[in-house]
Amino acid sequence: VFMVDKFLDDAHIAGIKSVTVIHGKGTGALRQAIWNYLKKDNRIKSYRAGQYGEGDYGVTVIDIKRRIKR
């Protein structure tokens, strides 16, 4: 989850609106851990499993909130 946090931080700072995290299907434990983390992250607008052609349940598509400029 540390690497996902850094990835999201870099994307948020760069103003990227949407990213995809590849975690594989496996047992689903890694996806669940990432989703539990995303629930609590205030940078995240929404997240979902990939659709057919995006990677299905092997990826998570994350929409990032706009960065507030100061």
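These are my notebook entries on one predicted model.

**Ground rules**

I number residues from 1 along each chain, as its sequence is written. The model is predicted, so I keep local features only at pLDDT of at least 70 and side-chain atom pairs only at pLDDT 80 or more, while totals for chains, interfaces and linings use all residues, and side-chain values use heavy atoms, with hydrogens and water left out.

**Entry 1: the strands**

I took helices and strands as DSSP runs, numbered from the N terminus (helices are H or I with at least four residues, strands are E with at least two). I asked which strands pair with β3. Two strands pair if DSSP finds at least two bridges between them. β1 (residues 18-22) and β3 pair in the antiparallel sense over 5 bridges. β2 and β3 also pair in the antiparallel sense, over 5 bridges.

I then looked up single partners. Thr20 has Val61 in β3 as its bridge partner. Arg48 has Val61 in β3 as its bridge partner too. Val21 stands opposite Thr60 in β3.

**Entry 2: covered and uncovered**

Here I used relative accessible area (buried is under 20%, exposed is over 50%, partly exposed is in between; 1.4 Å probe, protein chains only). Why is β3 largely enclosed by the rest of the structure? It is because 5 of the 6 residues of β3 are buried.

Val19 and Val21 make up the covered face. Ser18, Thr20 and Ile22 make up the uncovered one. Ser18 is partly exposed, at 37%. Thr20 is partly exposed as well, at 40%.

I also noted some distances. The C-alpha atoms of Ser18 and Gly53 are separated by 17 Å, and the two residues are 35 apart along the chain. For Thr20 and Tyr57, 37 residues apart along the chain, the C-alpha separation is 12 Å.

**Entry 3: rings and a charge**

I searched for aromatic pairs next. Rings of Phe, Tyr and Trp (its six-membered ring) pair if their centres lie within 6.5 Å; planes under 30 degrees apart count as stacked, over 60 as edge-to-face, and the rest as tilted. The count came to 1 aromatic pair. Trp35 and Tyr47 form this edge-to-face pair, 5.3 Å centre to centre, with 65° between the planes. Trp35 lies in helix α2 (residues 29-40) and Tyr47 in strand β2, so the pair ties together parts that are 12 residues apart in sequence. Tyr47 counts as partly exposed, because its relative accessibility is 25%.

Then I looked for a charge over a ring (NZ of Lys or CZ of Arg within 6 Å of the ring centre and within 35 degrees of the ring normal). The charged end of Arg31 sits over the ring of Trp35, 5.6 Å from its centre.

I stayed in helix α2 for Ile34. Is Ile34 buried or exposed? Ile34 is buried, at 3% relative accessibility.

I checked phi at Asp56. Asp56 has a positive phi of about 50° although it is not a glycine. Asp56 is found in the loop between β2 (44-49) and β3. Asp56 counts as partly exposed, at 27% relative accessibility.

**Entry 4: the largest pocket**

A pocket is found on a 1 Å grid over the protein atoms alone: it is an open set of points where a 1.4 Å probe fits, with protein on both sides within 12 Å along at least five of seven lines, and lining residues have an atom within 4 Å of a point. The volume is the space filled by probe spheres set on the points.

The largest pocket holds about 240 Å³ of space. It is lined by 14 residues, and the closest to its centre are Gly15, Lys17, Lys65, Arg66 and Arg67. Which elements give two or more residues to this lining? They are α1 (2-14) and β3 (59-64). The largest share, 4 residues, comes from α1.

Last, I sorted the lining by type. It divides into 5 nonpolar, 2 polar and 7 charged residues. Here Ala, Val, Leu, Ile, Met, Phe, Trp, Tyr, Cys and Pro count as nonpolar, Asp, Glu, Lys and Arg as charged, and the others, Gly among them, as polar.
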